[in-house]
Amino acid sequence: MPERTPATAAPGLPVIPTPDDGVRRSAERVWDEAARPRGPEPEAGRTYTEDEATQGRHLVDVHDHLRSEVAELHDLVDQVAAGSVPPGVARSHIATMTLRQNAWTLGTYCQSYCRVVTTHHTIEDQSMFPRLRAQDPRLGPVVDRLEEEHHAIHDVLERVDRALVASVAAPGPAGVAEVRAAVDLLSDVLLSHLAYEERELVEPLARLGFA
């Protein structure tokens with residue numbers, strides 16, 4: 001049974017992590033969701049300033065953009081299956097997406113977004129996880145797990161690309177089915193990962209900041 005993320009905010013923090021609805025499109029499992037470590041419980045009675053709440057909200061905002069790209073991916077596959085978009089065009093479009101233009105480190109894909117939304121925050125590439133680990137060592141197991149999942153997601157992205165390349169070389173229903181299977185798996189792992197990351201990091205980011 002997939003792990004469900006409760007849609008609750010930390011006490012005193014008006015930012016609600018996006019829940020994992022448990023829906024999975026693929027029968028394949030890349031990782032054991034039940035084995036994910038949990039971070040420290042929020043401090044009882046802790047309150048958060050508006051600026052601190054904004055720090056936690058940034059993560060959800062960035063993730064919402066990535067979720068919208070997942071919906072685009074499914075739409076692209078439907079168009080390829082219908083013959084209205086060639087696989088090569090779909091591949092080119094995917095290459096421009098945010099989820100394809102990063103090395104799956106939180107600091108990297110937050111960097112451009114946060115500079116646009118809040119110019120007073122400068123996110124150094126790959127700096128967020130080391131900062132969180134240094135500021136609160138109790139987050140170490142969560143950060144380790146998130147980094148592992150970033151690498152796994154990268155591998156699934158590569159699988160999507162290989163399926164698209166194969167579909168270009170040999171057009172037909174079988175190729176489209178492979179592309180759909182790869183995108184379904186990517187959707188599963190990405191949405192699950194984003195929900196887990198929000199559950200564990202929204203409060204620490206509010207408490208410790210992005211940088």
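This section describes the confidence, helix packing, pockets and cavity of a predicted model.

Across the protein chain the mean pLDDT is 81, and 82% of the residues reach 70 or more. Confidence is highest in helix α6, with a mean of 92, and lowest in helix α3 (residues 106-117), where the mean is 35. Two stretches have a pLDDT below 50: residues 1-5 and residues 103-125. In the model, residues 1-5 make 16 contacts beyond near neighbours in sequence, while 53 such contacts are found for residues 103-125.

Helix α1 (residues 50-82) packs against two other helices, α2 and α6. The axes of α1 and α2 (residues 87-95) come within 10 Å of each other and cross at roughly 170 degrees. Because angles over 145 degrees count as roughly antiparallel, α1 is roughly antiparallel to α2. On the α1 side the contact is made by E72, L73, L76 and V80, and on the α2 side by P87, A90, H93 and I94. By class, this contact between α1 and α2 comprises six nonpolar residues, one polar residue and one charged residue.

The axes of α1 and α6 also come within 10 Å, crossing at roughly 175 degrees. This crossing angle makes α1 roughly antiparallel to α6 as well. The residues in the contact of α1 with α6 divide into 20 nonpolar, five polar and seven charged.

Turning to open spaces, the largest pocket has a volume of about 320 Å³. Its lining consists of 20 residues, of which A10, R38, P42, R199 and E203 are the closest to the pocket centre. Sorted by class, the lining of the largest pocket has 11 nonpolar, two polar and seven charged residues.

The second largest pocket has a volume of about 180 Å³. Its lining is formed by T18, P19, D20, D21, V23, R24, R25, R67, S187, D188, L191 and A195. Helix α6 (residues 173-208) supplies the largest share of this lining, with four residues.

A search of the whole structure finds one cavity of 30 Å³ or more. The space in the largest cavity amounts to about 70 Å³. The residues lining the largest cavity are R24, E28, R29, V30, W31, E33, L185, D188, V189 and S192. By class, five of the residues in the cavity lining are charged, four are nonpolar and one is polar. R24 and D188 belong to the lining of the largest cavity and also to that of the second largest pocket.

Key: Residues numbered from 1 in each chain as written. Predicted model: local features only at pLDDT ≥ 70, side-chain atom pairs only at ≥ 80, totals over all residues. Heavy atoms only, no water. 1 Å grid on protein atoms, 1.4 Å probe; cavity = no way out; pocket = protein on both sides within 12 Å on 5 of 7 lines; lining within 4 Å. Points joined across faces, edges and corners; volume = space filled by probe spheres on them. Nonpolar A, V, L, I, M, F, W, Y, C, P; charged D, E, K, R; others polar. Axes fitted to C-alpha atoms, helices over the stretch in contact; angles between N-to-C directions. Parallel < 35°, antiparallel > 145°, perpendicular 65-115°, else oblique. Contact = heavy atoms within 4.5 Å. pLDDT = per-residue confidence, 0-100.
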